[in-house]
Amino acid sequence: MAITAMTAGSQHYGGLAKELGVELISVKMAKHLDEKDPLKHLRAEFCIPSKKTVVPEGADVAEPDTACIYLCGNSLGLQPSGVRTLVNEELDVWATHGVTGHFRHPKKRPWVSIDENVIVQSAKIVGASPKEVAIMNSLTANLHFLMVSFYRPTKDRYKILMEAKAFPSDYYAMESQTRFHGYEPDDAIIQMSPRSGEHTLRTEDILDTIEREGDKIALVIFSGVQYYTGQFFELEKIAKAGKAKNCVVGFDLAHAAGNVPLRLHDWGVDFACWCTYKYLNAGPGGIGGAFVHERHARADLPRMSGWWGTDPATRFLMDNVFRPIPGADSYRVSNPNVLAIMSLLGSLNVFSQTSMTDLRAKSLQLTGYLEALLLAIPNRGFKILTPSDPSQRGCQLSLLFEEGLMMKVFEALEREGVIVDERKPDVIRVAPTPLYNTFSDVWQFVNILKTAVVAARIDSAGNVSEEARKGFVTS
Ligand SMILES: *Cc1c(COP(=O)(O)O)cnc(C)c1O
C-alpha cells in the first residue's frame, strides 16, 4: 500500500476494510495491516515488558506472560536489545583498561571521542549536518546553555515568543532567563494561547503574532511536537517568519526527534535541543542533543565554555586559551557520559536500519488507524485534542475525557497491561511508535479502552448516569 496523506487519514481505513471484505473494527484488519508492514521486523530489536511486570500489584491480568501494550514511547522509549551488550562492553573496557580506555580502546571507541559514534545518525534524524549537532548534557540544561548565546535581549528587542502551555521546564527556563537579564517575565514573555474553544494553536495566528510583534522579539521558541496536545507545529513556516523579522528561532524537539521528519538546517533554524529518552529510546535520563546552525559555527557569540568545547589538538596543553571547535561541538562543556552514549548508540543502530521517511510513513498509518478505531466507538466518552490533519501531528493522540472518567479509565487500562500516560485533570496520551508498535497493539488498546469507558461510567452503586449515557458530543 502506498502511503500518502490520503492513506494516513482515518477515513482511509473504512474504505480499506470494505476492499478487504472485513469490518474496520475486526482483528482481521489489524492482522492484515501487520502482515503488510514493511518495518515489522524491527519490533524484535526491542525488549517489550510482559503484562505481569507492568500491572499494579495484585491486578489479575489475563495472559500475564504476553507482551504488554506499550503506547508510551512519548514518555520513555523501550530498551533496544542491543543496548545491554554495548553498555557491558564499556564496563568491561573500564574494568580491564582503566584510564587508558580514553585513548586505547579494544573496540575502537576511545572515550575521548566516544560521542563521534552517535553524531552522524543523530544529525540524520534532525536534518542537520554532523557539524551542527552535539550530544551533551540533558535537555533543559542545553536549553539554558544555548540561550546564553541565543537569547541576548536589548532595550528594544527583549521579548520571547512561546506557547502559554509549553512544557513547564521550558517555561521555567524562559522565565529564569528573562529575570537573569533583568526583565520581568510577565512583560518579556509573550505567551500564545489557542483561540477560545480551540485546543491547538493555528499557524496563521503564530505567523501573525511574529509579524505584528517581531521587532520586539529577541527569541521565537516553540516545541516541535506539543507534549500535551500532540500538535506538530509548522516549524518551517515559523522559522521563516521569525528569521524574516530578524528574530532568533529555536525549537525544543523533545517530542519531535525520532517522531517526525525534521530539516533543521534547510529551515534555517538557529538552534534546537532535544532529549533522547522519548522517541529516541536511549533510556531514562539519557544524554541530550543540541543543534546549532552552521551559520553560527564561527560566530563569536558569548557562551559558557568548558574544556570539551575547545580544539582537541590543544585541549591538553593546559594553556588557558579557548579555541572553539567550529560547530556545535564548541558548546560541549564536559566530557560525555560514556554509558549514556552507548545506550543512545544501541538505539541509533536500530534507526540506521531504516529511515525517518519510512518510519514516518508507518507512523502515519498506525496513528490514522488508531484514530479510525477511536472514532468508530459510539458514545465514546472522550474527544481527540490532537489535530485530525496527519501533517499537523506526530504519532501521539491525546484523548480528553468527560469529567470524572479519566483516572478510572487510566487505572483500568493499567490493570490490563496497557501502558499509556495520563495528564491531569482529563487527558490520556496514546503514542503508537513505528519502531516497535503493531497494528494489533492499537486494536487491543482500543478494545480494552471501550470496556474501560463503559465500566467507568457505572458508579459504585451500579448506576449509569443520564449525563454519562449521552457522553461527549464529538465530531
Ligand atoms: C520531556 C521534556 C522535557 C524534559 O526535560 P529534561 O531536561 O530532559 O528533564 C523538557 N521539555 C519538553 C518540551 C519535554 O517534552
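**Close-up views of a predicted model**

View 1. Threonine 140 is found in helix 7, which covers residues 139-150, and with a relative accessible area of 26% threonine 140 is partly exposed. Proline 168 has its place in helix 8, residues 168-180, and is likewise described as partly exposed, at a relative accessible area of 36%.

View 2. An oxygen atom of the ligand, in turn, is 2.5 Å from a polar side-chain atom of tyrosine 277. The ligand taken alone exposes 390 Å², of which the protein buries 83%.

**View 3. Positions annotated as "binding site" in UniProt.** The unreviewed UniProt entry places this feature at Leu139, Thr140, Phe167, Pro168, Ser169, Asp170, Ser223, Asp252, His255, Tyr277, Trp307 and Asn335. These positions span 197 residues in sequence, and their farthest two C-alpha atoms are 31.2 Å apart, so they do not all gather at one spot.

View 4. Lysine 278 is found in the loop between strand 9 (271-274) and strand 10 (289-292), and it counts as buried because its relative accessibility is 10%, where the cut-off is under 20%. Leaving aside neighbours within four places in sequence, lysine 278 is in contact with Gly73, Asn74, Ser75, Leu76 and Gly77, and also with Ala254 and His255.

**View 5. Serine 343 in helix 14.** Serine 343 is found in helix 14, residues 338-351, and counts as buried at 12% relative accessibility. The side chain of serine 343 reaches the backbone oxygen of alanine 282 at 2.6 Å; with neighbours within four places in sequence left aside, the contacts of serine 343 are Val83, Val87, Ala282 and Gly283.

**View 6. Helix 6 and the elements it packs against.** In helix 6, residues 116-126, the buried residues are Val118, Ile119, Gln121, Ser122, Ala123, Ile125 and Val126. These buried residues pack against strand 4 (133-135), helix 12 (264-267), strand 9, helix 14 and helix 15 (356-375). Just after helix 6, glycine 127 takes a positive phi of about 70 degrees.

**View 7. Aspartate 270 and lysine 243.** Aspartate 270 has its place in the loop between helix 12 and strand 9, and at 1% relative accessibility aspartate 270 counts as buried. Its side chain makes a polar contact of 2.7 Å with the side chain of lysine 243. Neighbours within four places in sequence aside, the residues in contact with aspartate 270 include Phe150, Lys243, Cys247, Val248 and Val249, together with Phe291, Val292, His293, Arg295 and His296.

Definitions and conventions. Residues are numbered from 1 along each chain as its sequence is written. This is a predicted model: local features need pLDDT of at least 70, side-chain atom pairs count only at pLDDT 80 or more; totals for chains, interfaces and linings use all residues. Side-chain values use heavy atoms; hydrogens and water are left out. A polar contact is a pair of N or O atoms within 3.5 Å; within protein, one must be able to donate a hydrogen and the other to accept it, and residues adjacent in sequence count only if both atoms are side-chain atoms. Accessible areas come from the Shrake-Rupley method with a 1.4 Å probe; for residues, only the protein chains shown count as cover. Helices (H or I, at least four residues) and strands (E, at least two) are DSSP runs, numbered from the N terminus. Buried means under 20% relative accessible area, exposed over 50%, partly exposed in between (1.4 Å probe, protein chains only). Contact means heavy atoms within 4.5 Å. UniProt positions are given in the numbering used here, feature names are shortened, and annotations may be inferred rather than shown by experiment.
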